[in-house]
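The sequence and structure come before the details.

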Amino acid sequence: MKKYASLLLFALLLNGCDDGDLTVETIDFKDVVATSCDPTTNTLIYKLKPQETLLLQMPEGKLATQPDTLVYDIDDKTFRFFYRAYDGAVAVSNVCDAIPPATPNINQEWRALAGKLQIVTKANYKDPAPADGHTEIVGYNHNITLVNATFSKPGPVLVNDEYVFGDFKTTVDPVVVAFTDEVAKYCDVQLKVYNNNLSNALVIENLDKNLIVNEDTPAGQPRKSLINLPTSNPAVTSNNVYYRIYSSNLPELPKQNYFCVDATPSTPSVKDTWVGVAGVENVSGIIEITTSHTLKVYKHKVYIRNATMKKGNSTFKLATEFYLGEVTTIAP
């Protein structure tokens with residue numbers, strides 16, 4: 001209720017200054033979509049009405065790239081906020097062009113001199129969610145609020161305890177974990193299971209030794225374990241799941257020479273790493289393996305069920321029944 005009362009006061013004070021062309025009765029931009037002049041930098045974000053604009057200017061890189069709450073000082077230099085009213089129809093060119101058109105003229109301007117700029121960022125997921133249960137982050141919603149902002153305007157200076165600029169949305173390419181080849185690989189010395197595409201891989205490291213065994217599993221009774229399973233050493237867990245996106249393609253040499261080594265090569269460099277969230281028994285983060293054999297050749301089908309991947313404060317879910325692939329071992 002406080003924020004709406006502040007907006008009403010804002011509107012009444014503005015209405016007291018008649019511009020002769022536009023009489024501002026309310027300052028209501030809540031149904032106006034916020035847009036950026038440059039979606040790459042997002043240094044000038046605006047809302048546009050027929051004869052009014054709200055403008056937020058800030059340096060590049062100040063919007064969070066994961067769920068977070070960031071607060072900046074409004075200083076009218078680096079972080080700037082304006083309300084402008086014009087004497088005619090205003091267009092995007094009036095806001096974004098380096099040399100704006102000569103008309104319409106600005107006949108009212110409110111400028112924030114001080115206060116706090118609060119930006120609350122949350123992930124936006126693909127809606128409706130895919131049928132297999134995985135989730136995709138398609139962007140982020142940045143809710144922008146000015147707190148205790150001091151406005152320079154026609155007439156007396158106004159201190160507004162909370163002014164809601166509203167939401168601004170950014171988009172990202174969603175991370176979708178899927179492999180073109182259902183053949184997984186097993187590093188029996190390093191205890192790793194992995195599958196990969198050209199420039200990404202999902203790896204289970206420090207695998208529970210009881211999961212891949214040259215012994216058939218009874219029907220409907222897979223071997224089970226949990227992601228980040230505690231061990232006798234409190235500092236070490238097993239079944240550590242990582243999804244890594246590389247800066248370039250993995251080498252063409254046999255992938256065992258890249259993954260099945262004690263020290264993973266430094267090239268290509270890792271661009272992003274998502275980490276599996278610790279599993280909960282019978283609920284989430286469950287690794288299941290079924291084994292069958294012909295002669296001395298054993299086939300181990302590796303599934304990860306109800307798993308969540310995390311990077312910083314961002315999370316997404318793998319498919320409810322994610323198939324990593326089939327591992328082959330040979331009995332002596």
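## Tyr303 and its neighbours

Arg305 lies over the face of Tyr303, at 5.2 Å from the ring centre. The model is a predicted one. Tyr303 has a relative accessible area of 18% and is buried, because the cut-off for a buried residue is under 20%.

Where in the chain are the two partners of the pair Tyr303 and Tyr323? Tyr303 belongs to strand β18 (residues 297–305) and Tyr323 to strand β21 (residues 321–330), so the pair ties together parts that are 20 residues apart in sequence. The ring centres of Tyr303 and Tyr323 are 4.9 Å apart, with the planes at 35°, so this pair is tilted.

Strands β18 and β21 belong to an open sheet of four strands, in the order β12-β17-β18-β21 and with antiparallel pairing. The edges are taken by β12 (223–226) and β21, each with a single partner strand, so one side of each has no neighbour in the sheet. On average, neighbouring strands here are turned by 20° against each other, direction ignored.

Strands of a sheet pair through backbone hydrogen bonds, either parallel or antiparallel. Strand β17 (residues 286–294) pairs with β18 in the antiparallel sense over nine bridges. Arg305 of β18 is the bridge partner of Ile286, and Arg305 is also the residue over the face of Tyr303.

## Aromatic pairs

How many aromatic pairs does the structure hold? There are twelve aromatic pairs in the structure. In one of them, Phe151 and Tyr163 have ring centres 6.4 Å apart and planes at 80°, so the pair is edge-to-face. Phe151 lies in strand β7 (residues 137–152) and Tyr163 in strand β8 (residues 158–171), so the pair links distant parts of the chain, twelve residues apart.

Are Phe151 and Tyr163 buried or exposed? Phe151 counts as buried, at 0% relative accessibility. Tyr163, at 2% relative accessibility, counts as buried too.

## The aromatic cluster

Phe151 and Tyr163 are members of one aromatic cluster, which they form with Phe81, Trp110 and Phe165.

Conventions. Residues are numbered from 1 along each chain as its sequence is written. This is a predicted model: local features need pLDDT of at least 70, side-chain atom pairs count only at pLDDT 80 or more; totals for chains, interfaces and linings use all residues. Side-chain values use heavy atoms; hydrogens and water are left out. Rings of Phe, Tyr and Trp (its six-membered ring) pair if their centres lie within 6.5 Å; planes under 30 degrees apart count as stacked, over 60 as edge-to-face and the rest as tilted. Helices (H or I, at least four residues) and strands (E, at least two) are DSSP runs, numbered from the N terminus. Buried means under 20% relative accessible area, exposed over 50%, partly exposed in between (1.4 Å probe, protein chains only). A charge sits over a ring if NZ of Lys or CZ of Arg is within 6 Å of the ring centre and within 35 degrees of the ring normal. Two strands pair if DSSP finds at least two bridges between them. Axes are lines fitted to C-alpha atoms, for helices over the stretch in contact, and angles run from 0 to 180 degrees between N-to-C directions.
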